[in-house]
Amino acid sequence: MDYCTLGRSGLRVSRLNLGAMTFGAGTGIWQSIAGLDREQATRLVALAVERGVNLIDTADAYSQGQSEQRVGEALTALGLDESRMLVATKVRLRTGPGPNDVGLGRSHILRAVETSLKRIGRDHVDLLQLHDRDALVPLAETLRALDDLVRQGKVRHVGACNFSAAQLERAHAITAASHGACLTSNQVHYSLASRDVEHEIAAVAREHGMALMIWSPLAGGYLSGKYLAVSTGSSAAAGRRTQLDFPPIDRARVDPIVHELRAIAQTLEATPAQVALAWLLDRESTSTVIVGARSVQQLEDNLRAAEVVLTPEQRTRLDRISQPRDSYPYWVQRLHDRDRLVG
């Protein structure tokens with residue numbers, strides 16, 4: 001397993017890390033996504049550690065808190081301290097019925113972190129991430145609360161999820177002016193099916209030394225090819241997407257990508273999912289990729305993506321077939337770049 005530095009934090013994390021969204025058995029959407037009990041979750045964590053993974057990503061909202069609880073149980077059962085497994089969790093989404101059981105206000109953040117620490121069974125979180133922005137709370141209030149948690153030692157590093165380039169810039173300006181804890185990372189949706197982060201988010205993250213952590217690198221499993229009907233005309237496999245179509249994709253655009261993944265995978269004696277993950281690991285802006293699983297075999301297959309080496313020609317084929325159509329103003333900028341940039 002290769003490792004990278006998470007932004008400017010000095011924290012070294014594995015290029016592939018374990019997503020714990022399948023841990024627990026919550027209600028609502030979690031009935032489609034999650035379902036792993038304590039024993040199943042512990043087996044996945046054990047395999048991840050064996051393969052060199054040193055970061056597990058969860059959230060207080062996953063399965064109504066059960067994901068964090070399963071993470072804590074697995075860490076205890078396996079005797080894993082922070083030198084062997086780091087923990088990243090999140091705050092922002094609704095965690096209860098009350099009017100203050102949601103959002104990024106100071107009260108909810110401080111209360112949520114205390115609850116997360118009890119579930120995980122540690123005295124600190126290695127990376128606390130804002131699950132999204134909060135349209136009702138001033139960003140300065142949120143960042144001040146994060147800085148206080150860092151100063152108290154309850155949080156080691158802070159990051160964001162799903163922040164736009166403008167929101168990253170605003171956060172950087174606030175923390176730079178206040179000398180507070182800066183955002184170490186931004187967790188984003190990035191895959192062959194969705195390359196929107198390449199427009200501005202990746203550039204801003206690079207400018208300010210923020211790592212990009214990637215969620216749903218297989219577009220909710222679609223890039224594995226199991227949802228695409230086989231050439232014989234049989235129906236596509238059943239799976240999570242048959243109940244929860246998330247993240248949304250344009251199947252007319254993505255299906256040709258899946259066919260290309262299948263062709264390259266056959267040449268490399270790999271799976272389409274492994275090829276898709278290998279392409280993502282090759283991207284300059286990618287720091288670490290979150291891989292989730294519902295079984296030991298599925299996790300084993302995903303982790304083997306670290307061993308897949310794409311040729312330059314194969315990378316070019318995937319780049320071309322997945323190239324997104326530019327929205328304004330990017331298409332006109334690209335047009336005007338023709339007499340300024342070579343290549």
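Reader: In this structure, what makes Trp30 and Tyr62 count as buried or exposed?

Author: In this predicted model, Trp30 and Tyr62 are both buried, which means that each has under 20% relative accessible area.

Reader: Why is the pair of Trp30 and Tyr62 called tilted?

Author: The ring centres of Trp30 and Tyr62 are 5.3 Å apart, and the limit for a pair is 6.5 Å.

Reader: Which parts of the chain does the pair of Trp30 and Tyr62 link?

Author: Trp30 belongs to helix H1 (residues 30-33), while Tyr62 sits in the loop between strand E4 (55-57) and helix H3 (66-78). The two are 32 residues apart, and the pair links distant parts of the chain.

Reader: How do you know whether Arg195 is buried or exposed?

Author: Arg195 has a relative accessible area of 4%. Buried means under 20%, so Arg195 is buried. Arg195 lies in the loop between strand E8 (183-189) and helix H7 (201-207).

Reader: What makes the approach of Arg195 to Ser322 a polar contact?

Author: The side chains of Arg195 and Ser322 come to 2.8 Å, and the cut-off is 3.5 Å, so the pair qualifies as a polar contact. Beyond its neighbours within four places in sequence, Arg195 is also in contact with residues including Trp279, Leu318 and Asp319.

Reader: What lines the largest pocket?

Author: Its lining has 50 residues, with Met21, Ile33, Trp215, Ser216 and Arg240 nearest the centre. The lining divides into 21 nonpolar, 19 polar and ten charged residues.

Conventions
Residues numbered from 1 in each chain as written. Predicted model: local features only at pLDDT ≥ 70, side-chain atom pairs only at ≥ 80, totals over all residues. Heavy atoms only, no water. Phe/Tyr/Trp six-rings, centres within 6.5 Å; stacked < 30°, edge-to-face > 60°. Helix = DSSP H or I, 4+ residues; strand = E, 2+ residues; numbered from the N terminus. Buried < 20%, exposed > 50% of the residue type's maximum accessible area, 1.4 Å probe, protein only. Polar contact = N/O pair within 3.5 Å; in protein donor to acceptor, adjacent residues only side chain to side chain. Contact = heavy atoms within 4.5 Å. 1 Å grid on protein atoms, 1.4 Å probe; cavity = no way out; pocket = protein on both sides within 12 Å on 5 of 7 lines; lining within 4 Å. Nonpolar A, V, L, I, M, F, W, Y, C, P; charged D, E, K, R; others polar.
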